Amino acid sequence: MKSPLKYDNTIQSTDRRRFMLTTAAGTAAMLLPFRLPWADELPTRTTLVVVRGGTPEMRFETALKALGGMAQFRPSGKNVVVKPNIGWDRTPEQGADTDPELVAAVVKSFVSAGALVGVFDNTCNTAQRCYANSGIEAAAKQAGAEVSFMRKQLFDELELPDGILLKSWPIYRDYHKADLRINLPILKHHGLAEVTGGLKNLMGIMGGERSEIHRSFDKKLIDVVTPILPELTVIDARRMLMRNGPQGGNLEDVKTINTLIAGFDPVAVDAEGARIFGAVPADLGYLVEAQRRGLGEIERPAGYQEINLT
Amino acid sequence: MRLSLKPKAIFLRRSSQIVFLLIFTALFLSARDPLLTSIPTDLLLRIDPLAALIAMLSSRLLLTTFWPAIITIILSILLGRSFCGWVCPLGTTIDVTDRIIPKFKPRGASHWKYAVLIGLVITAIAGIQIIWLLDPLVIFTRTLTLTIYPLVGWGLGGILNLGLAWDPASGFANWIWGWFEGWLLPLKPFQTALLTTTLVFFAGILILEKFGRRYWCRVLCPLGALLGIISRYSPFGRKVSTECSACALCAQECRMGAIEPDFLSTRRAECILCLECSELCPAEATTYNWYFQEKGQAALNIGRRRALWVVGSSLLAAGAWRTGLMDRTATGYCIRPPGALREDEFLDTCLRCQECVKACSSTGGCLQPSALELGWGAIWTPRAHMREGYCEYSCTLCGQVCPSGALQKLTVADKKQKVIGLAYFDHSRCIPWATGDDCIVCEEHCPTSPKAIQFRKGTVDLAQEIRTGVKLPYVDTAKCIGCGICEYKCPIKGESAIRITNEGEQRTVKPRLLSL
């Protein structure tokens, strides 16, 4: 019996090839997220970088390059906030405030890329003493930033829709309205939080009765920082305040390690800072809380890179 | 009607008044952080010979910081009471406001001020210093600090706030604010105790003009009295030639009542060299010149009866002063600024001028004038209110700007060691002790190294549970200097859960010249 249809060999072979190709492609696409052994060897974008050695400026330039360079921020004409820690009436050597040389390097980098850079902090000691004695006011101005004292009138009560304990908090207008926020803390000891980096440094753009945040610190801190996370966190670990933080005062408590940690994920950067400090990041309540709410990852990410400058 | 025949001389005097007013205001404004040590912010009070005299008499201390007062004395010996007419900022303020205050008929006996002066000297010898009540330069500085400066700050701030809120003007308002910030506008709102008291006191002096021009200077001012005594025989002054037609215009118009009934002689103790008579004189007979006046001045005589009255009432007042109740609760919480002399000498030397309060408002902001909680004798003296501010660890401003040495100048290193009090926890209110929640804001802010506030992890008995691992703060009393930042920052509402008392305070003891 003859088949009523004429068997076409060419068409059939094309179908099979197409079928096999699509199947293979589909399988590959489905498998990729599960990290096949060879997937790690694919070039991953650097999202967290630790740079050691060199000068503060070299460290920052190296870190920025590793993270994809300045161009990705399209800084030209943008309002950029660089938020160092200027909280204490201490000298740079005492390691309580961010290294002024690093502040200058970051400011210079963004200013030369065409950005308008603002620098400010809600200090714990008298503002003008902190600004002057930390060396940051002079260094940042020299580098081209607009350095201003924070004014009580310029805080906005920001809604915190995801807040657990706090539903709103005053946040500095120039910070939350900026196009780009660079958080520039110093790595140091803190009695309550144990080790602090970027997330705790964001208390410097908060107004109101900040000391109330200390009570149920982990939850309240994360409540407030959730909507105001920076685009980039750069931790200054040139000097590390090991004891009597956060304001120290004794040079014996300062350890110089000439290091810089930078990255996009504010939790990952703080966690790496904690590791470098010698703490276990998973033991830090505020980091655990931040990760639980999906602000970032404590675990070292795939895009982690270490660079040693000599 | 005032004739203006020689406008130059009066213009010169008015310019001098304005220039000195501006200089003293600028010096006042420069009493802030960062303090330029090349600027003598306290100069106005250090040129005050009366403050120097009374403070030294009552404290029995040699107060060398008052050396510039010698300049005023020499000026007065040579040029009469020109200080009152050409320099004194209170006199200038009175001259300016005089124009807007309608008068009753001029009266008032100019010798009252000598009675005031004698009273001040007698109480000072009896060991009570009340120059702070009546010294014009003190009154001026105190009024600037406690009323004018905060009021200007609030007014200006209010206008700029409106500007900030209105979008088209916000950029400009922001710029202006940045420009005024620090020197004219305080960085944080400066609120003062005793604002109204000080204002009423000052307004009272200005309103005295109702009774005649320069009423305060002519009738009451004890500094005017002292300078008057010094300048009684000064070789420079008003001289009337034989052209005088005895029209009496000068005597009518003289704001100080310094012209004797013969119109020719001048009471140099009263004349402040305002030069108005030389301008008014229709006969152009009046000039100011180097000229010893040998006779014609009425004697400085306040009368025996009044003298007895003054001596008696001064001694009575001095006695009553010392018997007032001093509540131990109030005195225990009275934290004096670092470098303060021992309380007795402090009360005797402190002029209550508020220079330290002004300077402190630009840093830690703890200093406020006392009201009556420490008794009448201590009103307006500076004390640290740790709930309003704290003593900035590396700041030495109050001692730097103190004109009398009631607060000694300290180096930063000494200041960091200077104990002004001691912190005590109130466990019944402190968050970790009372509720089992972590807090330790006090520990975070404690500036000494190592910290005077430490914590241990411990157990707290609560109503529902026994909580472990709570960070419980305590004070290492050997390290605490009483700076009060813990009390200032404590998040508890109302009274802080950690408070400073003046336990263990270190006061500077200077040897008295006379132990009486």
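This is a predicted model: local features need pLDDT of at least 70, side-chain atom pairs count only at pLDDT 80 or more; totals for chains, interfaces and linings use all residues.
Pro34(B) lies in the loop of chain B between helix H1 (7–29) and helix H2 (43–46). A cis peptide bond, with omega about 0 degrees, joins this proline to Asp33(B).

**Backbone features**

Most residues other than glycine have a negative phi, and most peptide bonds are trans. Against that background, several places in the two chains deserve attention. In chain A, the peptide bond from Gly245(A) to Pro246(A) is cis, and its omega is near 0 degrees. Pro246(A) belongs to the loop that runs between strand E10 (232–241) and strand E11 (254–263) of chain A.

For Ala248(B) the angle is about 75 degrees. This alanine sits in the loop between strand E1 (236–240) and helix H14 (249–253) of chain B. Its relative accessibility is 18%, and Ala248(B) therefore counts as buried, the limit being under 20%. Glu284(B) likewise is not a glycine, and has a positive phi of about 50 degrees. Glu284(B) is placed in the loop between helix H15 (276–280) and strand E2 (286–290) of chain B. With a relative accessible area of 51%, Glu284(B) is exposed, because exposed residues are those over 50%.

| Chain | Span of the C-alpha trace |
|---|---|
| Chain A | about 100 × 45 × 40 Å |
| Chain B | about 100 × 65 × 40 Å |

Chain A contains ten helices and twelve strands. Of its 310 residues, 56% count as buried. The accessible surface of chain A is about 14,100 Å², and carbon and sulfur atoms account for 54% of that area. When contacts between residues at least 6 apart in sequence are considered in chain A, 72% of them join residues at least 24 apart.

Chain B contains 24 helices and eight strands. It has 516 residues, and buried residues make up 56% of them. Among the contacts in chain B with a separation of 6 or more, 77% are between residues 24 or more positions apart.

**Helices of chain B**

Two packed helices are described by the angle between their axes and the distance between the axes. In chain B, helix H3 (residues 49–59) and helix H7 (residues 112–125) have axes that come within 7 Å and cross at roughly 30 degrees. Angles under 35 degrees count as roughly parallel, and H3(B) and H7(B) are therefore roughly parallel to each other. Their crossing is right-handed. On the H3(B) side, the residues that meet H7(B) are Leu50(B), Leu53(B), Ile54(B), Leu57(B) and Ser58(B). Their partners in H7(B) are Leu117(B), Leu120(B), Val121(B), Ala124(B) and Ile125(B). Taken together, the residues of this contact comprise nine nonpolar, one polar and no charged.

Helix H7 of chain B also holds Ala115(B). This residue is buried, with a relative accessible area of 5%. Apart from neighbours within four places in sequence, Ala115(B) is in contact with Ile302(B) and Val310(B). Ala115(B) and Ile302(B) are 187 residues apart along the chain, yet their C-alpha atoms are separated by 7.1 Å.

Helix H6 (residues 89–98) of chain B is largely enclosed by the rest of the structure, because nine of its ten residues are buried. The buried residues in H6(B) include Pro89(B), Leu90(B), Gly91(B), Thr92(B) and Thr93(B). Further along H6(B), Ile94(B), Asp95(B), Thr97(B) and Asp98(B) are buried as well.

**A loop residue of chain A**

Pro227(A) lies in the loop between helix H8 (217–225) and E10 of chain A. At 40% relative accessibility, this proline counts as partly exposed. Not counting residues up to four places away in sequence, Pro227(A) touches Glu159(A) and Leu160(A). The C-alpha atoms of Pro227(A) and Leu309(A) are separated by 35 Å, and the two residues are 82 residues apart along the chain.

Note on methods: Residues are numbered from 1 along each chain as its sequence is written. Chains are lettered from A and ligands numbered from 1 in the order in which they are written. Side-chain values use heavy atoms; hydrogens and water are left out. Axes are lines fitted to C-alpha atoms, for helices over the stretch in contact, and angles run from 0 to 180 degrees between N-to-C directions. Helices (H or I, at least four residues) and strands (E, at least two) are DSSP runs, numbered from the N terminus. Angles under 35 degrees count as roughly parallel, over 145 as roughly antiparallel, 65 to 115 as roughly perpendicular and the rest as oblique. A crossing is left-handed if the near helix is turned anticlockwise from the far one by less than a right angle, and right-handed if clockwise. Contact means heavy atoms within 4.5 Å. Ala, Val, Leu, Ile, Met, Phe, Trp, Tyr, Cys and Pro count as nonpolar, Asp, Glu, Lys and Arg as charged, and the others, Gly among them, as polar. Buried means under 20% relative accessible area, exposed over 50%, partly exposed in between (1.4 Å probe, protein chains only). Accessible areas come from the Shrake-Rupley method with a 1.4 Å probe; for residues, only the protein chains shown count as cover.
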